[in-house]
Number of protein chains: 2
Amino acid sequence: MSNGIIVWLTGLSASGKSTIATAVAAELRSRQIPTVVLDGDVLRKTVSPELGFSHADRDENVRRVGGIAQVLAEQGLVVLVALISPYRGARDRVRAQAAHFIEVFINAPLNVCEARDPKGYYHLARSGQVRSFTGVSDDYEAPLSAEVECHTDLEDIETSVRRVLQAIERKLEAAGAQFG
Amino acid sequence: MSNGIIVWLTGLSASGKSTIATAVAAELRSRQIPTVVLDGDVLRKTVSPELGFSHADRDENVRRVGGIAQVLAEQGLVVLVALISPYRGARDRVRAQAAHFIEVFINAPLNVCEARDPKGYYHLARSGQVRSFTGVSDDYEAPLSAEVECHTDLEDIETSVRRVLQAIERKLEAAGAQFG
């Protein structure tokens with residue numbers, strides 16, 4: 001019951017976290033490995049609608065998502081978390097609680113993310129209509145020792161997905177999982 | 001991706017919610033059906049440590065757990081929620097949001113639950129050391145139209161588990177799930 005893994009994808013808005021998490025999940029499910037995706041945007045709406053984007057509220061959001069991920073991982077699931085989670089301390093607190101944790105730094109330069117801007121958030125942040133926006137008007141503390149780093153401006157999605165999958169496979173082997 | 005089900009077990013403390021949820025989950029997993037248990041006691045510690053037991057806090061707790069359950073059910077999981085969830089309104093709001101929802105009333109009389117008292121909570125409630133305790137010093141609003149009702153004082157665990165499983169099987173068939 002404790003063979004699950006938390007795979008924590010952190011990075012700027014529009015860096016590719018949800019895209020990669022969704023593709024990794026599809027591959028794991030095709031291998032009959034029980035998998036869920038916890039998407040930061042979705043959970044803010046459903047679990048934490050009252051939280052804003054102050055440092056304290058962001059940390060609380062990470063704490064809650066981390067708590068959910070832990071409950072699920074303890075039941076054997078691979079839990080893919082796609083969450084900006086900009087502060088190192090909050091991410092490291094989740095790691096410290098987890099039996100098996102993989103941090104994935106989805107690393108694309110700010111100007112690339114801003115050029116993508118699929119939801120128009122960067123535009124709103126630059127024009128001051130959205131405040132405390134990570135990378136523009138709020139800090140992003142990059143991981144210092146992420147297990148995987150995906151430069152989504154330099155490699156295609158398939159390459160990033162494959163590298164995340166390889167890290168999960170290694171961890172599942174080390175965890176002695178019965179999957180696959 | 002939307003073939004999951006929320007199975008919501010409501011009832012007094014010590015009525016048998018977690019026991020039945022755990023046994024149902026074990027059976028579903030043995031059938032390769034992706035399943036998770038969301039246990040109220042566990043989630044209060046991990047996700048909602050700041051919430052108390054006022055009506056508003058209880059409703060907020062149910063709302064959060066319901067939100068998590070919904071995210072997971074939308075990814076195809078059977079989500080077994082074991083939560084006192086004493087107020088009808090909060091439970092019905094979760095039901096209204098869910099694509100597939102089974103309410104299971106774990107119904108044992110107060111005096112039976114109090115005699116079990118595995119964690120000593122009833123003793124603490126009667127002696128005033130714990131306040132707002134459901135059934136003793138706080139209301140429990142029984143479901144009016146639960147899909148399953150388990151009289152755990154009159155039937156053994158195996159019988160309750162089988163009846164919950166039958167309700168899940170019917171719902172999975174209706175949902176057109178590919179499991180099993």
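The model is predicted; local features need pLDDT of at least 70, side-chain atom pairs count only at pLDDT 80 or more, and totals for chains, interfaces and linings use all residues. Residues are numbered from 1 along each chain as its sequence is written, and chains are lettered from A and ligands numbered from 1 in the order in which they are written.

Chain A contains seven helices and five strands. Helices (H or I, at least four residues) and strands (E, at least two) are DSSP runs, numbered from the N terminus. Read from the N terminus, the order in chain A is β-α-β-α-α-β-α-β-α-α-β-α. The radius of gyration of chain A is 16 Å, close to the 16 Å given by the globule rule for 180 residues, so chain A is as compact as a globular protein of that length. This radius is taken over C-alpha atoms, and the globule rule is 2.2 Å times the number of residues to the power 0.38. The C-alpha trace of chain A spans about 50 × 35 × 30 Å along its principal axes.

The two chains touch. In chain B, 15 residues are in contact with 15 residues of chain A; contact requires C-beta atoms, placed from the backbone, to lie within 7 Å. On the chain B side, the elements that give two or more residues are strand 2 (35–39), helix 2 (40–46) and helix 3 (55–73). Helix 3 of chain B gives the most, with six residues. By class, this side of chain B has ten nonpolar residues, four polar and one charged. Here Ala, Val, Leu, Ile, Met, Phe, Trp, Tyr, Cys and Pro count as nonpolar, Asp, Glu, Lys and Arg as charged, and the others, Gly among them, as polar.

The same surface serves both copies, as 100% of the contact residues of chain B recur in chain A.

Helix packing was examined within each chain. In chain A, the axes of helix 3 (residues 55–73) and helix 4 (residues 88–97) come within 9 Å and cross at roughly 20 degrees. Axes are lines fitted to C-alpha atoms, for helices over the stretch in contact, and angles run from 0 to 180 degrees between N-to-C directions. Helix 3 and helix 4 of chain A are therefore roughly parallel to each other. Angles under 35 degrees count as roughly parallel, over 145 as roughly antiparallel, 65 to 115 as roughly perpendicular and the rest as oblique. From helix 3 of chain A, A:D59, A:V62, A:R63, A:G66 and A:Q70 meet A:A90, A:R91, A:V94 and A:Q97 of helix 4. These contact residues comprise three nonpolar, three polar and three charged.

In chain B, the axes of helix 1 (residues 17–30) and helix 7 (residues 157–175) come within 9 Å and cross at roughly 60 degrees. That makes helix 1 of chain B oblique to helix 7 of chain B. Their crossing is right-handed. Helix 1 of chain B contributes B:T19, B:I20, B:A23, B:V24 and B:E27, and helix 7 of chain B contributes B:I157, B:S160, B:V161, B:V164 and B:L165. Seven of the contact residues are nonpolar, two polar and one charged.

Conventions
Two residues are in contact if their C-beta atoms, placed from the backbone, lie within 7 Å. A crossing is left-handed if the near helix is turned anticlockwise from the far one by less than a right angle, and right-handed if clockwise.
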